[in-house]
Amino acid sequence: MELYCVQEARHRPFVILVFLFFVLWRLVSAAPTSNLPRRISDECDWFGSGLEDSPSPSTGVQSVYLRCREGKVRWEYPRGALRIVLRIGHFHKDFQGCLKVSANSSGASLYLEGHKKLHLLYRNNSPVNGQHCFRSVGGHVALFLEAHAPSELLKKELFELMYDLEPIQPKSFSECRPCTDREMIYAFCTSDFVARGSIFSLHQNELFQRTELTVAASGIIRDSEPRVFSEGLSPLSNRTVWMGVVHRPQHCGTKAGSGEFVFFGRWRLGDPILRCAPRWTDWKKVRRKAAFSENVDCVLE
């Protein structure tokens, strides 16, 4: 009996600790978790709902941090506000970026955070008018999404946007000026599409503030998925060409020049954006000169 009593006394503290741990675990697991912030592990996209944080409209501001070169934000039942901070990786390297609000987005207005000022990019329920582009300051950009009070508490509203960020090179592209020789080589090596051809037609899209160039390509050097060019017969001659439409910002004042060009560009937020378009003769000279240089990023075809 004494041995039993000694063993019981020896294990009693352990039994009490187990009991206290069980009680504490039950209390924590029973605690409400609806106010905990939700995050996405890949830090590229954010998906959330204003109803997750509170069953009634909230006036709080929730911070969202995204670290990828491209991604999406999807906010259902917008309530309160979101402050979205965009950055490439965990460094402070500056970038140029663009965003595109999805069609039929509603329930919130979108602002770009400036120095002591918010710049309106999209007003609630306004027509979507293409892409909005910007440059970072200190390696980041902050967007501010402000929800509007719904006419009905549980009315289904959705705000969605896509973003695309590109690091600024030491001598970065200007979207309007002609490319330098070095920029042509860089564009050739990194573009999603490269084609040799001529400008068939030019259209000014006032709604989206862009110039749309229809290109008749005689040769395709690169055309990544989704493809820009499709094969067909030339409207001006009975020969096979590849036709495609590429975009430039309207404020660049792009004109339809005659002759043969090389078109370099990349897909950005679902649009084929033209980066450089040197004349074919100029590109041949650049390519010939680069053949004697060791500082070339890729094989120039």
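This is a predicted model: local features need pLDDT of at least 70, side-chain atom pairs count only at pLDDT 80 or more; totals for chains, interfaces and linings use all residues.
Visitor: How many residues lie between β6 and β7 in their hairpin?

Guide: Two residues separate the strands of this hairpin. One feature of the turn deserves a look at the backbone torsions. As a general idea, most residues other than glycine have a negative phi. Lys116, in the turn, has a positive phi of about 60 degrees, although Lys116 is not a glycine.

Visitor: Is Lys116 buried or exposed?

Guide: Lys116 is exposed, and its relative accessible area is 80%. The residue sits in the loop between β6 and β7 (117-122).

Visitor: Which other residue has a positive phi although it is not a glycine?

Guide: Look at Gln209, where phi is about 55 degrees. Gln209 belongs to the loop between β11 and β12. With a relative accessible area of 48%, Gln209 is partly exposed.

Visitor: And the peptide bonds? Where is there a cis one?

Guide: The general idea first: most peptide bonds are trans. Here, the bond between Glu225 and Pro226 is cis, with omega about -10 degrees. To find Pro226, go to the loop between β12 (210-223) and β13 (230-233).

Visitor: How many of the residues of β6 are buried?

Guide: Five of its seven residues are buried, which leaves β6 mostly covered.

Visitor: What is the strand order in the sheet that contains β5?

Guide: That open sheet also has mixed pairing, and its five strands come in the order β1-β3-β10-β5-β8. The edge strands are β1 (46-49) and β8 (131-135), which each pair on one side only. Its twist averages 15 degrees from one strand to the next. At the β8 end, β5 and β8 pair in the antiparallel sense over five bridges, and Leu99 has His132 in β8 as its bridge partner.

Visitor: What about Ser102: buried or exposed?

Guide: Ser102 is buried, with a relative accessible area of 18%; the cut-off for buried is under 20%. Ser102 lies in the loop between β5 (95-101) and β6 (108-114). Beyond its neighbours within four places in sequence, Ser102 contacts Val128, Glu160 and Leu161.

Visitor: Now the helices. How do I read which way a helix faces?

Guide: An α-helix has 3.6 residues a turn, so residues three or four places apart point the same way. In α4, the buried residues are Trp280, Trp283, Val286 and Ala290. Viewed down the axis of α4, these buried residues fall within an arc of 120 degrees, so they line one face of the helix. Lys285, Arg288 and Lys289 are exposed on the other side of α4.

Visitor: What do the buried residues of α4 pack against?

Guide: They pack against α3, β11 (193-205) and β15 (261-268).

Visitor: At what angle do the axes of α3 and α4 cross?

Guide: The axes of α3 (residues 181-190) and α4 (residues 280-290) cross at roughly 90 degrees and come within 10 Å. The two helices are therefore roughly perpendicular to each other. On the α3 side, Asp181, Met184, Ile185 and Phe188 take part; they meet Trp283, Val286, Lys289 and Ala290 in α4. The residues of this contact divide into six nonpolar, two charged and no polar.

Key: Residues are numbered from 1 along each chain as its sequence is written. Side-chain values use heavy atoms; hydrogens and water are left out. Axes are lines fitted to C-alpha atoms, for helices over the stretch in contact, and angles run from 0 to 180 degrees between N-to-C directions. Helices (H or I, at least four residues) and strands (E, at least two) are DSSP runs, numbered from the N terminus. Angles under 35 degrees count as roughly parallel, over 145 as roughly antiparallel, 65 to 115 as roughly perpendicular and the rest as oblique. Contact means heavy atoms within 4.5 Å. Ala, Val, Leu, Ile, Met, Phe, Trp, Tyr, Cys and Pro count as nonpolar, Asp, Glu, Lys and Arg as charged, and the others, Gly among them, as polar. Buried means under 20% relative accessible area, exposed over 50%, partly exposed in between (1.4 Å probe, protein chains only). The arc is that of the directions from the helix axis to the C-beta atoms. Two strands pair if DSSP finds at least two bridges between them.
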